Amino acid sequence: MESSGTTRRQATRQKLYEAAVTLIAEKGFSATTVDEIAERAGVAKGTVYYNFKSKTELFEELLRHGVGLLTASLRAASEESAERGGTRVEALDAMIRAGLAFIDRYPAFTQLYVAELWRTNRAWQSTLLVVRQEAVAVVEDVLREAVDSGELSEEIDIPLTAAALVGMVLVAALDWQAFQPERSIDEVHSALSLLLHGRVSGH
């Protein structure tokens, strides 16, 4: 059982993450101040520094936290599919849906994550690479199992295919939210599912 102090600290960190992610998504990292993050979170400025040494550390932890949630939801989708007796390709399909649901729930975080992936020489570049690899590794594991069981061709390049699937979900979901918000998650999932199953070519 966690102590009330630990739980309270986690709740404070959650508030700071939410405040930071929305502000940074709105204004960019450089333009966002610790004062603004504290104000948006409804805490004193000292509370930010009590929880994080600097704005950069807060941002690094935010990336870890957000991608950690995404990774956990992908893994849970895969495990639930396996428990239902599904194939590994069905597990990948479930993971696509879980990824879309995550992005629908945390759009500001996703925008931030995708934007940061393409920036270079940031202080948190190494953190970003580590957390990206954690998320992609979950997909790689399922792809590897699918190849081992004969569901997928041995010709596939597992690391690139995993990165492509994650990228497809991220970019398609951001496009959905920005340009096609009237569509339901079911429609977006169905379109990506067709791609996964290789049925777009009409065979």
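Which helices each supply at least two residues of the lining of the second largest cavity? I looked, and they are helix 5 and helix 6.

**Ground rules.** I am working with a predicted model, so I keep local features to pLDDT of at least 70 and side-chain atom pairs to pLDDT 80 or more, while totals for chains, interfaces and linings use all residues. Residues are numbered from 1 along each chain as its sequence is written, and side-chain values use heavy atoms, with hydrogens and water left out.

**Cavities.** My search of the whole structure gave two cavities of 30 Å³ or more. By cavity I mean a set of points, on a 1 Å grid over the protein atoms alone, where a 1.4 Å probe fits but cannot get out; lining residues have an atom within 4 Å of a point. Points are joined across faces, edges and corners, and the volume is the space filled by probe spheres set on them.

The largest cavity comes to about 150 Å³. I found 13 residues lining the largest cavity, with L74, M95, L165, V166 and V169 nearest its centre. Helix 4 (55–83), helix 5 (88–105) and helix 8 (158–179) are the elements giving two or more residues to this lining, and helix 5 gives the most, with five. Helices here are DSSP runs (H or I, at least four residues), numbered from the N terminus.

The second largest cavity has a volume of about 30 Å³. Its lining is L70, F102, I103, F109, T110, Y113 and L170, and helix 6 has the largest share, three residues. I sorted these residues into six nonpolar, one polar and no charged (Ala, Val, Leu, Ile, Met, Phe, Trp, Tyr, Cys and Pro count as nonpolar, Asp, Glu, Lys and Arg as charged, the others, Gly among them, as polar).

**Rings.** Next I turned to the aromatic pairs and found seven in the whole structure. The centres of F109 and Y113 are 6.2 Å apart and their planes at 15 degrees, so I log the pair as stacked (Phe, Tyr and Trp rings, the last by its six-membered ring, pair with centres within 6.5 Å; planes under 30 degrees apart are stacked, over 60 edge-to-face, the rest tilted). Both residues lie in helix 6 (residues 107–117), four residues apart, about one turn of the helix. F109 is buried at 6% relative accessible area, and Y113 is buried at 5% (buried is under 20%, exposed over 50%, partly exposed in between, with a 1.4 Å probe and protein chains only). Ring pairs also link F102, Y106, F109 and Y113 into a cluster.

Key:
On a 1 Å grid over the protein atoms alone, a cavity is a set of points where a 1.4 Å probe fits but cannot get out, and a pocket is an open set with protein on both sides within 12 Å along at least five of seven lines; lining residues have an atom within 4 Å of a point.
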